[in-house]
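Hi,

Here is the structure I promised to pass on.

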Amino acid sequence: EEEDASTSAITPICEYRPCVMCGKLCPPSTRRRPPPSFPGRMIDAVIPRQNKGLCTICDVTVFIIVATQQQIKWCKRCKNFRLWACFG
């Protein structure tokens, strides 16, 4: 029996991981572009291997630490959160 090409590229749900910031279940990114969406499951973010568990939505978001009112953002160069003011 031949495997349908449209289903062979789908990442099994058991391989999805929660983002360390937002908790959203996202597939791992092993390719340059995100995997296709499939019925009942919209894929709008992936977790790149180099992002230490952070999804592609959170890696561009500026977060506020409530206790100190500091703004932080993920630095793609050093692979860590840094103060937003350090980005220039």
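This is a predicted model: local features need pLDDT of at least 70, side-chain atom pairs count only at pLDDT 80 or more; totals for chains, interfaces and linings use all residues.

Before the notes on pairing, one definition: two strands count as paired if DSSP finds at least two bridges between them. With that in hand, Cys 75 stands opposite Asn 80, which belongs to β7.

**Overall layout**

The chain has one helix and seven strands, and along the sequence they come in the pattern α-β-β-β-β-β-β-β. Of the 88 residues in the chain, 26% are buried. If you look at contacts between residues at least 6 apart in sequence, 25% of them join residues at least 24 apart.

**The sheet**

Three strands make an open sheet in the order β5-β6-β7, and the pairing is antiparallel. β5 (62-65) and β7 (80-83) are the edge strands, each pairing on one side only. Direction ignored, neighbouring strands here are turned by 40° against each other on average.

Taking the pairs one by one, β5 and β6 are joined by four bridges and run antiparallel. Phe 63 has Ile 72 in β6 as its bridge partner. These two strands form a hairpin with four residues between them, and Gln 69 in the turn has a positive phi of about 60°.

**Lys 73, the one I'd look at**

Lys 73 sits in strand β6. Leaving out residues up to four places away in sequence, Lys 73 touches Asp 59, Val 60, Thr 61, Val 62, Asn 80, Phe 81, Arg 82, Trp 84 and Phe 87.

**The core and Cys 58**

The largest nonpolar core has ten residues: Cys 19, Cys 26, Ala 45, Ile 47, Leu 54, Cys 55, Cys 58, Phe 63, Ile 72 and Trp 74. Both members of the bridge pair mentioned above, Phe 63 and Ile 72, are in that list.

Cys 58 lies in the loop between β4 (47-48) and β5. Is Cys 58 buried or exposed? Its relative accessible area is 4%, so Cys 58 counts as buried. Beyond four places in sequence, Cys 58 touches Cys 19, Met 21, Cys 22 and Phe 63. Cys 58 and Lys 73 are 15 residues apart in sequence, and their C-alpha atoms are 8.6 Å apart.

**Ile 47 and Ser 29**

Ile 47, another core residue, has contacts that include Arg 17, Pro 18, Cys 19, Cys 26, Pro 27, Pro 28, Ser 29 and Leu 54, with residues up to four places away not counted.

Ser 29 is in strand β3 (residues 28-29). Because its relative accessibility is 16%, Ser 29 counts as buried, the cut-off being under 20%. With residues up to four places away left out, Ser 29 touches Val 46, Ile 47, Pro 48 and Arg 49.

Over to you now.

Cheers

Note on methods:
Residues are numbered from 1 along each chain as its sequence is written. Side-chain values use heavy atoms; hydrogens and water are left out. A nonpolar core is a set of buried Ala, Val, Leu, Ile, Met, Phe, Trp, Tyr and Cys residues joined through side-chain atoms within 4.5 Å. Buried means under 20% relative accessible area, exposed over 50%, partly exposed in between (1.4 Å probe, protein chains only). Contact means heavy atoms within 4.5 Å. Axes are lines fitted to C-alpha atoms, for helices over the stretch in contact, and angles run from 0 to 180 degrees between N-to-C directions.
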